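Subject: Structure handover

Hello,

Here is the structure I promised to pass on. Please open it alongside this note.

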Amino acid sequence: MSETLSQDATGANAEQAADKPVRWRGIAFLRRALLILFVLGQTVVACYYLLWVLPYHGGTAVEMGLLVLFALLYAWIAVGFWTAVLGFVLRLTGGDRRSLLHRHRPEVLEQTPLGKTAVIMPIYHEPVHRTLSGLKAVYQDIERAGKIDDFEFYILSDSRDPNVWLEEQATWHRICEELGAQGRLFYRRRTVNLNYKSGNVADFLRRWGRRSKYMVVLDADSLVSGQTLIRMVQLMEREPQVGILQTNPTLINGQSLFARMQQFANRMYSPLFATGLAAIQMGDAAFWGHNAVLRVDAFMAHCGLRKLPGFGIFGGPILSHDFVEAAYMGRAGYEVWLEPGLGQSYEESPPTLSDELTRDERWSKGNLQHLWIMLLGRRIRFAHRLAFMNGIMAYVASPLWLCFLILTTVEAAQMALSPIDYFPEGHEGLFPLWPEWRPEWALSLALSTLALLFLPKFLAILDALLHRKSRQFGGFGRMALSVLLEIVISVLLAPVRMLAHSRYVLSGLMNVSLSWAGQNRTEETSWREAIVTQLPGLVVGAGWSAFAWSLDPLFFLWSLPVAVPLVLAAPTCVYLSRVSIGERLRRRRLLLIPEELHPSQLLDDAELSREAEPDSSPLTNFEEAILRPRLNKMHQALAGRHRREVRAEVLSRLVRRCVDEGPDGLTRSELSHLCRDQESLGALHHEAWRATPESYWGRRIAKLAAFD
């Protein structure tokens, strides 16, 4: 009887939800139309001012180029400005009443039963103990909420180094024993790495996707509280037309100055931007690839990623899959929502600028691929095409800015070195075109541009004051000082990012191949690395500034905000990577975030688990897997029979070489063959323990005995 009532309630709810897309789409259209109107109107006014600031008022090819580039860049930053303003207004009035979370009363959601949910974590050469400790904390938080029976957990490894994936398997086995999670926490390693992370997820869905109704995707540095995951699944149960529900992740665990600056900016400003973005996108939101819940059957039916059929970068596998999957979900008639009201969703920032730029090199190429889908994709919703454009502009804005600086230099050089041209190209007639300068208009235009860039930051301060959250950032004084510090650092980093992103865009368009590797989570930047990587920028900045001085002292002063950060890029990178500086600021309560003052149980569990790292062994993970009986049996169980793919006599020869010479005598590929074969692991264990004391394995057994 109760099951029937539950089904009836769900059915009625589904009928009620079916009417809602009509209402929200009209509101979304109005909001987007107003945004476009404000952005275009403001850009037209700014371009008019620029025309009168330019000496020939757009009468030359160089000035027309400047005008076009300025319009693109001004509109780009105006979109961000108005998004933040909308977010500020909505938060001031209690949030967006049309959001997904506001449709249902908390008590109704609490009574909603959960559908079976798979929590998956794709990994590739990540710090094993740290990464899986985070997943362990998520497991414990769901268990504490009393809903662990509705969730299954999957570690999906693409690691290639045997010493890495043997450690992954050993750590997974240990965590299963600690949590009693056998039959609920699974480990799978792909032997063939096709299509990177999206291929890893696709392989999981083909094999085990039918076991679950929903899928939560976590990155290696992701944490999401049990209550948030439960609430997300309950919302999906109540909203059958929703295909993807995305949270707004908060950056945490920053230790270096760079990471602490990034997480402060994220925590301080993202409530405005995320609220505004969610209100504009509504059910046509983007998917960021992690910290989200997906409807499995819809995802499997509609989000398969075919290879791009074009040329160069626009051919082959899709690198940045998340935006494409959201667009395909929308094309199939499902909704994609970003819900800023779902808290306790976390990720981590790269610890250094070098690591951020390395990540951006991969992302820029993937985002450039979206141009093909944005222009040629069939039945893609307009909002998702705009999301593609937004992602593309995140990187293309840098070469556009660089081109703008080049054209301004050309314009200044022409004015300083060439005689005044009273009849420029395109201007014909009896009357000359007199060059004019309007410094007061130029000042107004510069101030309006600065307002677009920096006013949202001060709105965030006002938002924190109005919501009485300044204490969570160390108090009003320290919060304001932290914002000013973040602005200074951002100004120093902007030209460095401009040059790097310009190079990445050019490399991407030329389809330069990229390596795929795990991310650095802890290491600092050395002086040698910083000087080598930032030397080209230093040469460009110093040379440009010197040339500007030779043209005009005023133009030299105009060049300094770009040239000085490029000249100082190497020490900036080094000092931003320093953990000691980040800790010093933390002790002075600067760049604080609320989670550092009031951590949740989830964050405490993750930190405790990471601190309880097992004692380092004198043996490698391969040697541990061979010598320890319990580990060897576990690895055998996971290995299966690899002799179907590699001939038995080949594996037997590798076993004999490993016994005689040790693992150092084998290549990584040969070690992988052994670790993937059950019989080979068993034979190695047997032969190693029979080895003489003076042999390689005899010496390793002695080390193991001394360690134990």
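Below are notes on one helix packing and on some aromatic pairs.

This is a predicted model: local features need pLDDT of at least 70, side-chain atom pairs count only at pLDDT 80 or more, and totals for chains, interfaces and linings use all residues. Residues are numbered from 1 along each chain as its sequence is written, and side-chain values use heavy atoms, leaving out hydrogens and water.

Helix packing

Helices here are DSSP runs (H or I, at least four residues), numbered from the N terminus. Helix α11 (residues 353-376) packs against helix α14 (residues 476-509) at about 40°, with the axes 9 Å apart. That makes α11 oblique to α14 (angles under 35 degrees are roughly parallel, over 145 roughly antiparallel, 65 to 115 roughly perpendicular, the rest oblique). Residues in contact (heavy atoms within 4.5 Å) include Leu-353 and Leu-368 in α11, and Leu-493 and Tyr-504 in α14.

Aromatic pairs

The structure holds 20 aromatic pairs. Rings of Phe, Tyr and Trp (its six-membered ring) pair if their centres lie within 6.5 Å; planes under 30 degrees apart are stacked, over 60 edge-to-face, the rest tilted.

- Tyr-48 and Trp-52 are edge-to-face, because their centres are 6.4 Å apart and their planes at 65°. Both lie in helix α1 (residues 2-53), four residues apart.
- Phe-555 and Trp-558 are stacked, with centres 5.5 Å apart and planes at 15°. Phe-555 is buried at 11% relative accessibility, while Trp-558 is partly exposed at 40% (buried is under 20% relative accessible area, exposed over 50%, partly exposed in between, with a 1.4 Å probe and protein chains only).
- Tyr-154, Phe-186, Phe-204 and Trp-208 form a cluster linked by ring pairs.

Best wishes

Conventions:
Axes fitted to C-alpha atoms, helices over the stretch in contact; angles between N-to-C directions. Helix = DSSP H or I, 4+ residues; strand = E, 2+ residues; numbered from the N terminus.
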